[in-house]
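Take a look at the model below. This report walks through a few of its local features and then turns to where its chains meet.

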Amino acid sequence: MSAVDTADIASAARTRKRYAPGLVLSAAVLVLILTAAIAPGLFTRQDPLAADPIHRLEPPSRAHLFGTDELGRDLYCRVLHGAALSLSTAGIALAIGLLCGTLLGLIAGTARGRVDDLLMRATDVLLAIPSLLVSLAVVTALGFGATKTAVAVGVTGIASFARITRAEVLRVSVAPYVEAAHVVGVRRPTVLMRHVLPNAWAPVLGFAAVSFGASLLAVSTLGFLGYGTPPPTPEWGSLVASGRSYFAEAWWLSTLPGLTIVATVLAANRIARALHGEDGRLPR
Amino acid sequence: MTRYLLRRLLHAAFVLWAAFTASFGLLYLLPADPVSVMALGGAGGGVPSAAQVAALRRAYGFDRPVPEQYLSRLTAALHGDFGNSVQTGQSVTRLIADALPQTLQLAAAALLLALVGALIVSLATVRTLPLPWLRHAPVPWLGRALRSLPALGVSAPSFWVGLMLIQLFSFRWRLFPAVGDDGLSGLVLPALTLALPTGAILAQVLTRSLVTALGEPYIQTALAAGSGPGRILFRQALRNASIAPLTVAGLLVGELLAGAVTVETVFSRTGIGRATATAVSTQDIPAVQGLVVFGALVCTLVSLVLDLLVPLLDPRIAATAGGSR
């Protein structure tokens with residue numbers, strides 16, 4: 001019997017290698033959805049807000065791929081037009097978490113001492129409360145709307161980004177080339193920007209890629225609960241929510257926008273995993 | 001051990017205080033005028049009169065200086081009083097206490113489902129690994145399918161999963177009621193929905209730590225001693241692999257509480273989650289603060305209990321905790 005060591009099992013457990021069909025499919029899905037977000041007109045000529053009461057609540061057909069809603073609006077068209085809002089909200093949320101978190105992590109990692117302690121205790125608190133509750137508190141304070149939900153979701157990401165950045169800065173700043181830079185008299189900000197930051201980037205960006213799916217889910221959840229953009233404008237979460245009222249008679253109303261979210265999140269996570277190594281390290 | 005305990009208790013108290021302070025700052029200080037926010041949110045719309053606003057301001061103490069407001073609210077909160085809900089006029093503590101049993105029931109059922117589900121999926125996944133002593137040919141596609149299950153569970157928004165379950169099990173097959181919170185049959189679908197993301201994360205962690213455990217030398221020892229695959233999986237691998245998932249399960253209790261917000265909304269159940277959604281929708285500031293601090297309290301208590309439990313399960317941790325810390 002051959003010796004079994006962790007590496008063997010781990011490599012056996014690893015899913016398909018790079019450029020596997022799943023990865024190609026994920027890339028295709030993501031490219032398609034990004035194109036829809038940038039130029040929905042390429043896929044549909046219809047108006048997402050144009051009501052057509054004669055054709056209300058029609059099941060999916062050739063004319064209406066995703067069927068029509070209670071006002072006769074084309075659901076496929078609304079999902080496509082909603083992509084821009086949903087993806088950009090998730091993107092803004094991610095950017096807020098990434099920028100603020102990285103900045104705080106840099107400060108904590110370079111300042112050390114009291115400042116570091118204070119910032120890390122703050123992240124402890126942020127991580128101790130479920131992120132949805134934090135988002136909801138922020139939404140209550142700021143009010144409703146797409147940008148505000150982006151801020152609410154972004155805030156919850158700050159702690160994880162700060163932790164990862166800090167850990168990376170601490171790891172990099174003991175590297176010989178950083179000490180060498182200090183010794184030859186390079187000023188501290190320059191060392192930070194030229195030597196520490198570029199070498200601390202990769203894991204932070206990797207985590208950002210892994211977070212995009214979660215960010216989209218959180219934004220959609222807030223949209224579903226009705227804290228996002230008000231009704232006529234299509235947004236994925238609120239599309240699922242508005243389909244609820246007619247769900248018994250029209251299964252496609254909530255099902256298809258929801259499937260779009262699932263497909264996007266799956267694709268984003270799959271690609272992030274490929275970029276970031278198999279498991280996508282968890283912050284902590 | 002006493003020092004460790006004391007440290008953990010102090011840390012928990014700090015987290016709670018910070019959660020209170022942060023939510024106070026966010027909810028009472030950040031909005032330019034919390035009173036008009038509350039007045040507009042409550043009372044079903046309509047612009048409040050100046051007299052109404054002034055009365056509200058006095059009632060909520062916004063006419064007093066900020067430090068005084070903070071101290072009086074903190075003292076009240078320490079006595080378990082978070083003020084009265086703007087929406088109903090009921091005390092927020094009462095609101096939470098009334099909604100709690102329903103949510104506890106839901107969360108407990110979901111946690112149980114998540115644990116059992118994660119256990120089954122991870123053990124099945126591990127059994128598909130190409131290990132010679134498992135004494136059966138590995139099925140690659142089955143292993144791949146099992147490994148992609150958790151990723152799928154994490155990617156599906158729970159509000160959508162809930163709606164899908166309602167569509168299939170309530171509308172199409174008429175097995176369970178679609179909405180409401182009566183009885184065991186009404187609990188099945190919401191608990192399943194709530195359990196899915198939690199169980200998926202648990203399954204990922206458990207599978208990973210099972211794989212690590214299976215690579216340890218004690219597995220070889222057990223094999224050499226003649227243990228069968230079942231005994232090795234359950235007695236050796238699973239017991240050693242259970243600590244990381246247990247800690248994660250503790251963290252996930254908070255996520256169950258948060259998940260209840262969407263699940264209770266989808267299934268129209270009463271509970272903490274529904275109360276939270278309503279409070280946010282009506283911008284009911286005292287209620288939201290009470291609910292957020294309550295969430296922090298639950299999470300802190302759970303992680304405190306786990307911090308005390310884990311050393312009992314793994315003596316190595318107790319040794320380091322008692323010694324160097």
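B:Gln283 is buried, because 25 other C-beta atoms lie within 10 Å and 20 or more are enough to count as buried. The model is a predicted one. B:Gln283 sits in the loop between H12 and helix H13 (285–313) of chain B. Its phi is positive, about 50°, although B:Gln283 is not a glycine.

B:Ser268 also has a positive phi of about 50° and is not a glycine. B:Ser268 belongs to the loop between helix H11 (243–266) and helix H12 (272–281) of chain B. Is B:Ser268 buried or exposed? B:Ser268 counts as exposed, because it has 12 C-beta neighbours inside 10 Å and the cut-off for exposed is 12 or fewer.

| Residue | Phi | Loop in chain B |
|---|---|---|
| B:Ser268 | positive, about 50° | between H11 (243–266) and H12 (272–281) |
| B:Gln283 | positive, about 50° | between H12 and H13 (285–313) |

**Helix H12 of chain B**

B:Gln283 follows H12(B). How much of H12(B) is buried? Eight of its 10 residues are, so the rest of the structure largely encloses H12(B). The buried residues are B:Ile272, B:Gly273, B:Arg274, B:Ala275, B:Thr276, B:Ala277, B:Ala279 and B:Val280. Their cover comes from both chains: it includes helix H5 (131–142) of chain A, along with helix H5 (92–127), H11 and H13 of chain B.

**Where the chains meet**

In chain B, 48 residues are in contact with 44 residues of chain A. Which elements of chain B give two or more residues to this side? They are helix H1 (2–29), helix H6 (140–155), helix H7 (158–172), helix H8 (185–214), H11, H12 and H13. By class, the side of chain B that touches chain A holds 32 nonpolar, 13 polar and three charged residues.

One helix pair shows a contact between the chains in detail. Helix H4 (residues 113–128) of chain A packs against H1(B) at an angle of about 80°, and the axes are 10 Å apart. H4(A) is therefore roughly perpendicular to H1(B), because angles of 65 to 115 degrees count as such. From H4(A), the contact uses A:Asp124, A:Val125 and A:Ala128. From H1(B), it uses B:Val15, B:Ala18, B:Ala19 and B:Ala22. Six residues in this contact are nonpolar, none is polar and one is charged.

Note on methods
Residues numbered from 1 in each chain as written. Chains lettered and ligands numbered in written order. Predicted model: local features only at pLDDT ≥ 70, side-chain atom pairs only at ≥ 80, totals over all residues. Helix = DSSP H or I, 4+ residues; strand = E, 2+ residues; numbered from the N terminus. Contact = placed C-beta atoms within 7 Å. Nonpolar A, V, L, I, M, F, W, Y, C, P; charged D, E, K, R; others polar. Axes fitted to C-alpha atoms, helices over the stretch in contact; angles between N-to-C directions. Parallel < 35°, antiparallel > 145°, perpendicular 65-115°, else oblique.
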